[in-house]
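Please keep the sequence and the model in view while reading.

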Amino acid sequence: MKIAIVCYPTFGGSGVVATELGLELARRGHEIHFITYSQPVRLALLNPNIHYHEVNVPEYPLFHYQPYELALSSKLVDMVKLHKIEILHVHYAIPHAYAGYMAKQMLKSEGIRIPMITTLHGTDITLVGNHPFYKPAVSFSINKSDYVTSVSQSLKEDTYKLFDIKKEIEVIPNFIEIDKERTDVNSACHRSLMATQDQKIITHISNFRKVKRIPDVIKTFYEIQKTIPSKLMMVGEGPEKEIAEKMCDDLKINDKVIFFGNSNEIDKILSYSDLFLLPSETESFGLAALEAMASGVPVISSNSGGLPEVNKQGFSGYLSNVGDVEDMAKNAITILSDDETLLKFKRNALELAKEFDILKIMPIYEKLYEKALQKY
Ligand code: GMT
């Protein structure tokens with residue numbers, strides 16, 4: 001099949017899912033066209049089935065805001081015609097589903113019919129899309145999609161609750177490449193750059209937005225390190241990073257916290273980690289937690305959104321109410337206090353991650369594409 005994937009090319013979860021999806025589909029012989037404003041961060045172009053088309057938005061002084069949707073829908077029309085693309089798969093409703101619908105209409109006027117699948121990732125529904133400024137456009141473009149998928153049951157329910165949606169939404173969870181070669185946990189020299197042998201390594205990875213409750217990460221770690229010799233790895237960039245640095249300074253734990261910024265070595269950092277913290281206000285799924293689990297790292301998370309669909313209480317980690325840092329620290333200490341318990345949680349985390357193996361999820365997408373093609 002010839003499939004166009006429209007996504008945000010950044011470190012964010014939706015971009016990562018879209019990129020990994022495209023890469024796996026290409027490995028399975030499909031022709032994949034990424035259409036976005038810059039090359040997705042995890043995209044390796046060394047595959048004859050992968051194509052990347054950049055959307056350029058020329059600067060023009062008249063425009064206070066550059067019209068990205070216009071440029072994207074025009075690019076979609078051109079690329080569909082040029083490469084005989086058969087399916088549009090847009091990730092994130094805003095503005096991708098909207099631009100995709102416009103492209104469909106333009107193509108229709110030239111006698112070309114093409115199905116569009118929209119995958120909802122969370123912030124497009126629960127945070128941004130729900131804003132009154134965007135709501136009518138988001139409802140419209142979801143309802144005009146041929147097929148709609150969401151990354152968790154929780155997000156599906158939120159979408160029906162927050163918008164007037166008449167379409168059936170199919171849940172297709174986030175996935176992970178389980179058999180990917182991950183760093184050898186025994187290569188101690190790298191680990192020693194992060195912590196001493198007697199210290200446990202605790203990690204948080206995100207875009208440091210408010211929704212991630214970064215101060216809760218620091219407060220939870222502050223409590224843990226009073227009992228367990230440990231170090232905190234903070235991976236990512238975003239608006240709350242400075243606040244976190246200031247908190248570490250105030251709490252005098254600077255020497256126990258490393259801020260990495262955006263890193264391409266996430267697998268390496270996770271392979272040395274003993275625990276992952278994700279106390280978010282909400283997560284439609286929590287891909288970062290799944291990535292940790294696939295590296296055999298137990299997760300301490302909040303219990304909001306789709307997180308209970310990924311992290312299982314007392315098995316792969318623990319879940320607490322949003323903001324309950326005391327409970328999170330207590331649970332973390334339970335896991336980290338003795339080696340046998342830690343090992344059990346590590347094994348469980350990996351076992352649970354296998355339920356989200358890319359090889360299990362990919363056929364669901366392929367089936368959906370086939371259904372979409374048959375409809376047209
Ligand atoms: O919050 C992020 O980390 C970025 C955000 C995005 O929009 O790309 O991630 C969302 O999509 C991911 C992939 O489906 C989900 O795993 C994340 O849980 C979701 N983030 C939120 O719901 C806050």
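In this predicted model, helix α8 contributes I214, P215 and I218 to a contact with I243, A244, M247 and C248 of helix α9. By class, the residues of this contact comprise seven nonpolar, no polar and no charged. Helix α8 spans residues 214-227 and helix α9 spans residues 241-250; their axes come within 9 Å and cross at roughly 25°. Because that angle is under 35 degrees, α8 counts as roughly parallel to α9. The crossing of α8 past α9 is right-handed.

Helix α8 also packs against helix α12, which covers residues 325-336; here the two axes again come within 9 Å, but the crossing angle is roughly 45°. At this angle α8 is therefore oblique to α12. As α8 passes α12, the crossing is right-handed. On the α8 side the contact is made by D216, K219, T220, E223, I224 and T227, and on the α12 side by V325, E326, M328, A329, A332 and I333. The composition of this contact is six nonpolar, two polar and four charged residues, whereas the contact of α8 with α9 has no polar and no charged residues.

A further helix pair is formed by α3 and α5. Two packed helices are described by the angle between their axes and the distance between the axes. For α3 and helix α5 (residues 135-143), the angle is about 55° and the axes are 9 Å apart. A93, I94, A97, Y98 and Y101 of α3 meet A137, V138, S141 and I142 of α5. Eight residues of this contact are nonpolar, one is polar and none is charged.

Most residues other than glycine have a negative phi, and most peptide bonds are trans. Y92, however, has a positive phi, near 85°, although Y92 is a residue other than glycine. Y92 is placed in the loop between strand β4 (87-91) and α3. The peptide bond that joins I94 and P95 is cis, with omega about -15°. P95 itself is found in helix α3, which comprises residues 93-108. I94 is also among the α3 residues that meet α5.

On the scale of the whole protein, there is a division into domain 1 (2-175 + 357-375) and domain 2 (188-356). The C-alpha centres of the two domains lie 31 Å apart. Where the domains meet, 19 residues of domain 1 are in contact with 14 residues of domain 2. On the side of domain 1 that touches domain 2, α1, α4 (123-127) and α6 (153-162) each supply at least two residues. That side of domain 1 consists of nine nonpolar residues, nine polar residues and one charged residue.

Notes:
Residues numbered from 1 in each chain as written. Predicted model: local features only at pLDDT ≥ 70, side-chain atom pairs only at ≥ 80, totals over all residues. Axes fitted to C-alpha atoms, helices over the stretch in contact; angles between N-to-C directions. Helix = DSSP H or I, 4+ residues; strand = E, 2+ residues; numbered from the N terminus. Parallel < 35°, antiparallel > 145°, perpendicular 65-115°, else oblique. Left-handed = near helix turned anticlockwise from the far one by under 90°. Contact = placed C-beta atoms within 7 Å. Nonpolar A, V, L, I, M, F, W, Y, C, P; charged D, E, K, R; others polar. Domains from an automatic or database assignment.
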